[in-house]
Amino acid sequence: MAEETKGVPTYPKVGPVGEMQRAIARAIALAVSSAVAAGRLPAAAVEAVTALGDGHMEVPRDAGHGDLASTAPLRLAGACRQAPRHIAEEIQASLELGGLPVVHTEIAGAGFLNFHLRPGWLSQVVADIREKGASFGRSDLGRGEPVQVEFVSANPTGPLGVVNARAAAVGDALASVLAAVGFAAQREYYINDVGGQVERLGRSVEARWLELQGQEGTIPEGGYRGEYIIEIARAYEAAHGEAARGITGEQRAAQMGRYAVERMVAGQRACLDEFGVRYDIWYSQDAHIDQPACDATLADLGVGGHTYRKDGAVWLRTSTFGDDKDRVLVKRTGEPTYFLADIAYHRDKFARGFRKVIDLWGPDHHGHVGRMKAAVAALGHPPDAVEILIVQWVRLLEGGQPARMSKRRGQIVPMEDLIGEVGVDAARFFFLLRSHDSHLDFDLDLAKQRSSDSPVYYVQYAHARILSILRQPESVETLSPGGLRGGPAGGLPGGAAGGPAAASPPALRDALELLTEPAEVALIRQLADFPDEVAGAAFAREPHRLTRYAMEGATVFHRFYDTCRVLTDDPALRLGRLALADATRLVLANALGLLGVSAPDRM
């Protein structure tokens, strides 16, 4: 599992590049020990290089500087009290690289150690990808640790809007990448189905219901006025109209509130289901966060002396834990605040066995972050046990101007309208183009385009293009019988059957060794980075990294395809390039799958 250093999660790299970095880092550590034993470096160098681990290894931005580089000499300079270049010379002189595909080392700049690897050193990753198929990119770094991801959790008083759609795309993709690296990730939706908002919802529906009866109805202050309220009133009349006329207005409003919540939650579930989001738990506040739960939470908070009474109310000393001021838990009337209910909800999360909970909140909740983290700390949990990610606003653009989509549901653009406008794939991909904490301009015109200008189309087209190549008779005959790994049994995705000729593992290995053209090497390197990209997206809580990776992968593939003739007359080279194309197809499909976006067979 990842360790955390100064709040930034770190983790072992799991891809082939990371494995090579670790191997070279170990060789450097042994070289430092040899130099110390020979008296050429001070003893302090051993402890210093051990502390670095493989953190000094990096991939140079300029390929001319080698395949990998080490900054160890620069970072050992303080402990050794020697010039970095001298340290680099001593390490280089003691390096034992037997068994590693290093053909040349050099000292560059102030003391970098650059490593040039044998051409084709990564080529066998292509066979590994085709062998692992859908599992390539996955790892067990999380070791089954349960992590809860709570996202969307919109109030059941209106339809889901565009910012909810963005939270759905981010939260679902985040849970997917966490699961891909070995966490037991659980998706949860919190239904805030009690309190004043539900009361106002019921009174709003009753007002519209009265109007349908030809009577005067008054929507309360802070009530809901969208057309959906009229739709609920009509549905209530059809289902319970006769009974509604025989009870008091207060009773009717209460019943209508519960009825409206049920309808709204059902609608939200249906919309999210259409968007490809499946929750493990729909958690009702009304069903779980009752008075005993709030009382137990108050008791736990009071154990450490974190609560006190003032002006007839009960307060929590959140300022002790970094909040800007203390917060009220119980009003002077004896009524628990929403904050107390929210703390009780988080207390229950940890009671269910989660050591880490991740909340995705809307931009209007930014001011609540400090108090919630303080409350979790007051409950006795580590400060980082709860992570709160703020999903920022979305601005829909059409023709370069703010879009004027349907407002039939009130003052928001409904999520279902956006899905109907651009489709699930485009919506999810576009929501994941930028980090969740950045404002997003969503270009509707671009999202609807079916051309390479649209980023989602560009990536999906690369996947479909590869399959069109692999369906060619010449391709099928070159690759294994029974179809390519990752496709339906008995053939390629899209229906082409496997061919009669199977490439033996030695033949494939030799063919892959032929892939030394710059465009081939660049594509192999791109594919090899995928496991670490997935891990990075999970531990940094940044699933948008995979969107960027998929776009870069499509670009590198198109460059390879334009530069290297795949169906060349050379049988061995053709086999190698077809296997590389197939591996690219699998990695693109895996990346899109984690984003919740389809990988079409044809376009």
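Q: How do you know that Asp 273 forms a salt bridge with Arg 278?
A: The closest N and O atoms of Asp 273 and Arg 278 are 3.2 Å apart. A salt bridge is a side-chain nitrogen of Lys or Arg within 4 Å of a carboxyl oxygen of Asp or Glu, so the pair counts as one. The model is predicted, with local features needing pLDDT of at least 70 and side-chain atom pairs pLDDT 80 or more, while totals for chains, interfaces and linings use all residues. Residues are numbered from 1 along each chain as its sequence is written, and side-chain values use heavy atoms, leaving out hydrogens and water.

Q: Why is Asp 273 called partly exposed?
A: Asp 273 has 39% relative accessibility. Buried means under 20% relative accessible area and exposed over 50%, with partly exposed in between (1.4 Å probe, protein chains only), so Asp 273 is partly exposed. Arg 278, at 47%, is partly exposed as well.

Q: How many salt bridges does this rule give?
A: The count is 29. One of the pairs is Glu 421 with Lys 448, at 3.0 Å from N to O. This pair links distant parts of the chain, 27 residues apart: Glu 421 lies in helix 14 (residues 415-422) and Lys 448 in helix 16 (residues 444-448). Helices (H or I, at least four residues) and strands (E, at least two) are DSSP runs, numbered from the N terminus. Glu 421 has a relative accessible area of 31% and is therefore partly exposed; Lys 448, at 34%, is also partly exposed.

Q: What makes Arg 574 buried?
A: Its relative accessible area is 13%, and the limit for buried is under 20%. The side chain of Arg 574 meets that of Glu 474 in a salt bridge of 3.5 Å, N to O. Glu 474 is partly exposed, at 34% relative accessibility.

Q: Why is Glu 188 called buried?
A: Glu 188 has 0% relative accessibility, so it counts as buried. This residue lies in strand 8 (residues 184-191).

Q: Which side chains does a polar contact of 2.7 Å join?
A: Those of Glu 188 and Tyr 345. A polar contact is a pair of N or O atoms within 3.5 Å; within protein, one must be able to donate a hydrogen and the other to accept it, and residues adjacent in sequence count only if both atoms are side-chain atoms. The side chains of Glu 188 and Gln 148 also meet the distance limit, at 3.1 Å. Leaving aside residues up to four places away in sequence, Glu 188 touches residues including Val 149, Phe 151, Tyr 283 and Arg 352, contact being heavy atoms within 4.5 Å.

Q: How do you know that the buried residues are on the same side of helix 19?
A: The buried residues of helix 19 (residues 505-513) are Leu 508, Ala 511 and Leu 512. They cover an arc of only 95° around the axis, which puts them on the same side. The arc is that of the directions from the helix axis to the C-beta atoms. Helix 5 (125-132) and helix 23 (571-595) are among the parts that cover these residues.
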